[in-house]
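Thanks for coming. I will go through one chain this morning, starting with the overall picture and ending with a few residues.

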Amino acid sequence: MQLDLLLLLNLISTSVLVGVILVIHFVHYKTFIFIDKSYFEEFHISHIKSISYIVVPLMLVEIIVAFFLFVDIQMGMSFEEWYQVLILVNLISVISVWAVTFFLCVPAHNELSSGKNNALIFKLIEANKARVILWAVKLVVSIILCINF
């Protein structure tokens, strides 16, 4: 795949995911506290199903594209060292988001699917801060990569 197309897909997928994670973090997760216990399970399961249709395909595109960008740089494409470092930071950011998602956020969501737990909701919000930061860093890196291609 052409490098310019990979860089564009990288920027688009990351931009959309940053928008989604900001709304989830600063609006949606905080509303979990206000959902009545009697409706919480149904609400939470609906949230998980709905958000998965948006987030899962984008996260898959993002990690695949980050991997191909890294491979392209390693396969002899000649770029300055700082550019290669940014490609590596791009990949590490995605891997880190996946790690936080699957080791911290998914287990919290799995528990919340069984019922409302305010302490767990606050734990989820705290864990999600890492994803907000990682995706924000990745967005800045993605912009720099596109501008300097």
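Of the 149 residues in the chain, 40% are buried, where buried means under 20% relative accessible area, exposed means over 50%, and partly exposed lies in between, with a 1.4 Å probe and protein chains only. Before going further: this is a predicted model, in which local features need pLDDT of at least 70 and side-chain atom pairs count only at pLDDT 80 or more, while totals for chains, interfaces and linings use all residues. Residues are numbered from 1 along each chain as its sequence is written, and side-chain values use heavy atoms, leaving out hydrogens and water.

The secondary structure comes to four helices and zero strands, taken as DSSP runs numbered from the N terminus (H or I, at least four residues, for helices; E, at least two, for strands). In sequence order the pattern is α-α-α-α. The C-alpha atoms fill a box of roughly 60 × 25 × 20 Å along the principal axes. Among contacts in the chain with a separation of 6 or more, 82% are between residues 24 or more positions apart; contact means heavy atoms within 4.5 Å.

Helix α1 covers residues 3-31, 29 residues in total. From first C-alpha to last, α1 reaches 41 Å, close to the 42 Å expected, the expectation being 1.5 Å times one less than the number of residues.

Now the interior. What counts as a nonpolar core here is a set of buried Ala, Val, Leu, Ile, Met, Phe, Trp, Tyr and Cys residues joined through side-chain atoms within 4.5 Å. The largest one has 27 residues, and Phe 32, Leu 112, Leu 124 and Trp 135 touch the most other members. Helices α1, α2 (37-74), α3 and α4 each give two or more residues to this core, and the largest share, nine residues, comes from α4. Apart from it lies another core, of eleven residues, including Leu 3, Leu 7, Ile 87 and Val 141.

Which residues does Phe 32 contact, leaving aside neighbours within four places in sequence? Among them are Phe 40, Phe 43, His 44, His 47, His 109, Leu 112 and Leu 124.

Next, Ser 93, which is found in helix α3. Ser 93 is classed as buried because its relative accessible area is 5%. Its side chain reaches the backbone oxygen of Val 89 at 2.8 Å, and a polar contact is a pair of N or O atoms within 3.5 Å; within protein, one must be able to donate a hydrogen and the other to accept it, and residues adjacent in sequence count only if both atoms are side-chain atoms. Beyond four places in sequence, Ser 93 is in contact with Leu 134, Val 137 and Lys 138.

Asn 117 sits in the loop between α3 (81-112) and α4 (118-147). A polar atom of its side chain lies 3.1 Å from the backbone nitrogen of Ala 119 and 3.0 Å from the backbone nitrogen of Leu 120. Asn 117 counts as partly exposed because its relative accessibility is 33%.

Last, the cysteines. Cys 105 is buried, at 1% relative accessibility, whereas Cys 146 is partly exposed, at 27%. A search of the whole structure finds zero disulfides, a disulfide being a pair of cysteine sulfur atoms within 2.5 Å.
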